[in-house]
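Subject: Structure handover

Hello,

Here is the structure you are taking over. Please open it first and keep it beside you while you read the notes below.

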Amino acid sequence: MGDEMEHERLDELSSYGEIGDERLVCRYIEKHSTKGIFLGDNPLHHATSMIIIQIILIFIVGRITHFLLKPCHQTQLTSQIVAGIIMGPLLFGQYRSGYELLFPAASKLTLQTFAEFGMIIYCFKIGVQINPKHIFKFEKKATVIGLVGHISSILFGIVVFIIVQRSSSLKSEVSGVLRMIVLDALTAFSSISRLLSEINILNSEIGRVALSASMVSDASSWILFFLVRNSVKNVYQASFIPAVAMVVTVCYFISLFFLLRPLVIWISNRNPRGKPMTEGNFLLIMFILLFIGFSAQSVGQPSFIVAFWFGLILPDGPPLGSVLVERIDTIGSTLIIPAYCTISGMRTIVPPLSSQDACIVAVLLAGQIGKFAGTILPSLHFEIELWDSIALSLIMCCKGLIDLALYTLLFDSKDIGVLSFTLGIYTMVGVTGFATLVIYYIYDPSKKYKNYIRKSIKGSQQDLEFKVLVCVHNEENVHPLINLLQVSGPSKATPLSVFVLHLMELSGRAAPILTKNENTDKSHPNGDSSSQQINNVFDQFQQHNKGSVSLECFTTIAPFSSMHNDVCYIAMNTKCHVVIMPFHKQWSINGNVEISNASIRTLNQKVLSKSPCSVGVLIDRSQTSSKPLVFYENSLCEIAMIFLGGADDQDALAFSFKMAQHPNIRLTVFWVRVNMHHIQRNMKNPYIDVMEHIKYNPNLKGKVNFKEEIVEDGIGTTHVIRTMEGHFNLVIVGRHHIADSRCTLGLTEWCELPELGLIGNLLTSDFTFSVLVVQQQPFNLDI
């Protein structure tokens with residue numbers, strides 16, 4: 001009797017089954033709590049401790065690998081897979097005892113389950129971030145590139161497969177290689193989106209084409225996979241069971257669309273607009289997602305694929321997309337997804353380097369060559385430049401997390417063997433790693449500006465109208481920018497063309513958006529109320545200056561890391577003379593810094609270095625000034641311009657003269673210079689410019705004052721600037737000045753904001769007037 005009870009207890013504490021190719025027999029499960037190492041207990045004998053150790057080890061090795069591969073411009077996913085290969089067959093796997101101690105067979109199943117659960121949530125998040133409407137709005141160029149690249153990849157792979165099969169036998173790997181040919185033709189949208197985001201070309205011209213083409217390839221692959229897979233099963237099994245399974249699957253997806261989709265949308269819309277999703281609603285959506293994962297397994301579909309498609313049929317963007325990124329992305333991108341990638345790398349083997357290996361690799365590379373050829377030829381046909389076409393073709397050859405998950409799915413279902421799985425992973429890492437490295441060196445979105453005839457404020461004197469691109473982050477930026485435009489003196493004789501670009505950070509979406517708002521009276525196409533309100537205020541500004549101001553409004557939703565591409569693209573296409581960027585700091589009424597956004601500062605720095613025209617950075621201090629920069633019809637606005645010499649100061653002076661033409665503007669030009677024997681002979685005297693402008697423009701008579709200030713060094717310049725406090729609404733200054741000027745001697749050591757220049761940095765310290773820092777883009781700039 002005692003033996004039977006003991007046998008039942010052992011059966012209860014035992015686990016049987018297979019993990020990969022390893023047989024697990026009679027593994028005892030310790031249910032008691034750890035007593036601690038001081039009482040002789042080994043923490044490595046407990047499942048919880050092992051999971052923690054494994055995750056920490058995966059995190060550390062993955063970070064070290066990415067740090068070492070980052071100079072080669074490799075993505076995080078590539079680094080994580082390489083980390084798994086190092087931890088598995090190449091390094092740790094060579095020491096069997098130590099490897100089994102850290103990664104015993106039983107714990108692999110637990111760790112893999114943990115990673116696969118994270119993949120379900122991650123794929124759901126990726127699906128939510130994709131706008132399903134884009135699937136039906138492909139341009140002809142993207143559709144042709146996506147389809148031709150997809151089909152050519154399969155054709156090249158099959159042709160090489162037939163040749164290899166005739167010359168040497170692939171033995172048991174034949175069916176697996178055929179499946180991998182079809183799989184390698186896939187260019188997953190989510191993988192391309194993540195890749196472009198990491199290399200900061202997500203919203204570039206080639207990036208947008210790659211996203212659209214990958215979506216075409218993605219849709220083609222899933223349709224082909226679903227139809228071919230079930231059709232082949234019908235033929236081989238000679239029964240109607242696969243056909244019935246296909247019908248059940250279709251009905252299952254229909255029920256998701258018509259039953260669960262409206263439920264999730266209703267839960268999301270219960271939150272007030274602009275407020276975060278409540279904890280209860282978020283947990284309810286997660287419960288629905290878990291139910292979908294269970295039901296997907298019940299109908300024989302992979303959970304992560306169904307989760308992706310369910311997320312795809314939901315509306316993208318806030319609130320659901322944003323809350324998923326906010327609450328899931330950090331832990332998922334830091335722990336769960338790296339664990340999944342590393343585990344996949346650990347499951348590979350050291351290839352035996354036989355002729356069979358070479359044949360499989362040749363077939364896989366043939367598919368990639370077909371993808372490259374099938375992308376570059378249509379790209380050249382649509383008149384995409386050669387180097388841009390090469391970059392696009394390499395992007396389409398890159399693989400990502402979805403491809404890795406599909407390899408793992410085929411391996412777990414025994415559709416491919418361990419050799420095919422290993423060579424597929426190695427080929428994916430090699431091709432993607434090579435492609436990203438080449439893309440970094442051959443594709444620069446800003447290279448188009450090198451051959452562009454650069455615009456400047458000073459050069460606008462020869463044009464019929466003055467074109468300004470103003471960038472807006474939020475509603476607080478609107479009135480200072482409108483005030484600046486108003487004091488620029490728009491009139492029928494000197495018309496002003498204003499282009500408004502609302503900059504929004506990409507959140508809850510996978511693809512960037514750049515739209516032109518055709519009619520400001522209609523609701524915004526992306527459903528954003530703040531963008532609509534901003535457009536309405538600028539529309540009122542246009543109506544106030546009817547006949548002298550033309551207006552066009554745009555909205556861009558992109559990552560801050562690449563948002564400058566959209567700013568420069570709009571500036572070049574509209575042939576603007578100057579781009580006005582808001583400063584990254586905002587002050588409260590009491591003078592304290594209320595908002596300081598480091599991402600906006602980085603954006604301003606990139607626009608200053610890449611812009612095809614002049615750039616102005618507006619530092620608004622109207623909240624703290626006793627003379628706020630708020631324009632009224634009968635009010636007098638005092639503006640000062642500090643001139644030290646140089647191209648930027650010339651542009652700033654030209655902007656000042658435009659403002660001085662307004663009837664309610666009074667301009668004072670401060671020429672700060674050193675003693676006569678220190679003056680550089682090639683420096684132009686600003687007094688001559690002032691007299692010329694007054695001579696040819698009678699409206700400036702009596703409105704422009706000129707003051708000459710002689711200083712010895714930067715301390716003297718600081719003293720001159722301090723005398724302006726309380727007397728001016730706005731101070732205009734150039735970013736750069738003449739080289740080695742004694743007027744700025746000693747100011748370099750205190751420059752915390754080099755993007756504003758030495759004087760601009762000084763003006764933002766403790767003064768209360770608003771500042772406009774102007775930079776004229778050099779014509780010989782090597783971007």
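This is a predicted model: local features need pLDDT of at least 70, side-chain atom pairs count only at pLDDT 80 or more; totals for chains, interfaces and linings use all residues.

Glycine 157 belongs to helix α6, which covers residues 140-167. Once the neighbours within four places in sequence are set aside, glycine 157 is in contact with Ile181, Val363, Ala366 and Gly367. Leucine 364 is 207 residues from glycine 157 in sequence, yet the two C-alpha atoms are 6.7 Å apart in space.

In soluble globular proteins, nonpolar side chains tend to be buried together. The largest nonpolar core here has 87 residues, and Ile81, Ile395 and Leu401 have the most contacts inside it. Helix α17 (residues 418-442) supplies the largest share of this core, nine residues. A second, separate core has 48 residues, among them Leu469, Val607, Cys613 and Ile759. To go back to isoleucine 81, what does it touch beyond the residues up to four places away in sequence? The list is Cys341, Gly345, Leu404, Ile425, Met428 and Val429.

Now a pair of strands. Strand β5 (residues 513-517) has Ile513, Thr515 and Asn517 on its covered face, while Leu514 and Lys516 are on the uncovered one. β5 runs antiparallel to strand β6 (residues 549-558), and five bridges join them. In that pairing, lysine 516 stands opposite phenylalanine 554 of β6.

On cysteines: a disulfide is a covalent bond between the sulfur atoms of two cysteines. With sulfur atoms required to be within 2.5 Å, the count of disulfides in this model is zero. Are cysteine 72 and cysteine 251 buried, partly exposed or exposed? Cysteine 72 has a relative accessible area of 37%, so it counts as partly exposed. Cysteine 251 has 45% relative accessibility and therefore also counts as partly exposed.

Of the elements, α8 gives the most, with five residues.

Regards

Terms used. Residues are numbered from 1 along each chain as its sequence is written. Side-chain values use heavy atoms; hydrogens and water are left out. Helices (H or I, at least four residues) and strands (E, at least two) are DSSP runs, numbered from the N terminus. Contact means heavy atoms within 4.5 Å. A nonpolar core is a set of buried Ala, Val, Leu, Ile, Met, Phe, Trp, Tyr and Cys residues joined through side-chain atoms within 4.5 Å. Buried means under 20% relative accessible area, exposed over 50%, partly exposed in between (1.4 Å probe, protein chains only). Two strands pair if DSSP finds at least two bridges between them.
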